[in-house]
Amino acid sequence: MEAAIDRIMQTYDLLLNRTPAASDEARAKVTEYVQTLFDAGERDPHRLTVCGLTYLRQLDGSTDHVKAGYTGL
């Protein structure tokens, strides 16, 4: 599980330029989320990584087209 969290944070840090405090906050949130998935029986590190990245992108709004700047025009 720890390897998946490290991979999530490495990849996420490549996508966004954030402060160390924001990175620590994201790590805490994704650790809790991945722990929930792990406790529910998910053991595949690749799937945990994808789910964790998706979770963080939903939190920061980058999967929301309006928040990302797409206006449809």
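Two residues are in contact here when they have heavy atoms within 4.5 Å of each other. With that in hand, let us walk through this structure.

The model is predicted, so local features are given at pLDDT of at least 70 and side-chain atom pairs at pLDDT 80 or more, while totals for chains, interfaces and linings use all residues. Residues are numbered from 1 along each chain as its sequence is written, and side-chain values use heavy atoms, with hydrogens and water left out.

**The overall picture**

The protein has three helices and zero strands, and along the sequence they give the pattern α-α-α. Helices (H or I, at least four residues) and strands (E, at least two) are DSSP runs, numbered from the N terminus. Of the 73 residues in the protein, 21% are buried. Buried means under 20% relative accessible area, exposed means over 50%, and partly exposed lies in between, with a 1.4 Å probe and protein chains only. The accessible surface comes to about 5,100 Å², and carbon and sulfur atoms hold 55% of that surface; such areas come from the Shrake-Rupley method with a 1.4 Å probe, and for residues only the protein chains shown count as cover. Among contacts between residues at least 6 apart in sequence, 55% join residues at least 24 apart.

**Helix α3**

Helix α3 covers residues 45–60, and its 16 residues should span 22 Å at 1.5 Å a residue; the end C-alpha atoms are 23 Å apart, which agrees. The expected span is 1.5 Å times one less than the number of residues. Which residues of α3 are buried? They are L48, T49, G52, L53 and L56. Seen down the axis of α3, these buried residues fall within an arc of 130°, so they line one face of the helix. That arc is taken from the directions from the helix axis to the C-beta atoms. What covers them includes α1 (2–15) and α2 (20–39). On the other side of α3, H46, V50 and Q58 are exposed.

The two ends of α3 have details of their own. At its start, a side-chain oxygen of D44 reaches to within 3.2 Å of the backbone nitrogen of H46. After α3 comes G61, with a positive phi near 85°.

**The nonpolar core**

The largest nonpolar core has 11 residues in all: A4, I5, I8, M9, Y12, A26, V30, V34, L48, L53 and L56. α1, α2 and α3 are the elements that give two or more residues to this core, and α1 gives the most, with five residues. A nonpolar core is a set of buried Ala, Val, Leu, Ile, Met, Phe, Trp, Tyr and Cys residues joined through side-chain atoms within 4.5 Å. In soluble globular proteins, nonpolar side chains tend to be buried together.

| Residue | Touches |
|---|---|
| I5 | R27, V30, T31 and V34 |
| R7 | H46 and T49 |
| S23 | M9, D13 and R18 |

R7 sits in helix α1 and is partly exposed, with a relative accessible area of 36%. The side chains of R7 and H46 are joined by a polar contact of 3.2 Å. A polar contact is a pair of N or O atoms within 3.5 Å; within protein, one must be able to donate a hydrogen and the other to accept it, and residues adjacent in sequence count only if both atoms are side-chain atoms. R7 and G52 are 45 residues apart in sequence and 9.6 Å apart in space, C-alpha to C-alpha.

S23 is placed in helix α2 and is buried, with a relative accessible area of 16%.

Methods. Lists of a residue's contacts leave out its neighbours within four places in sequence.
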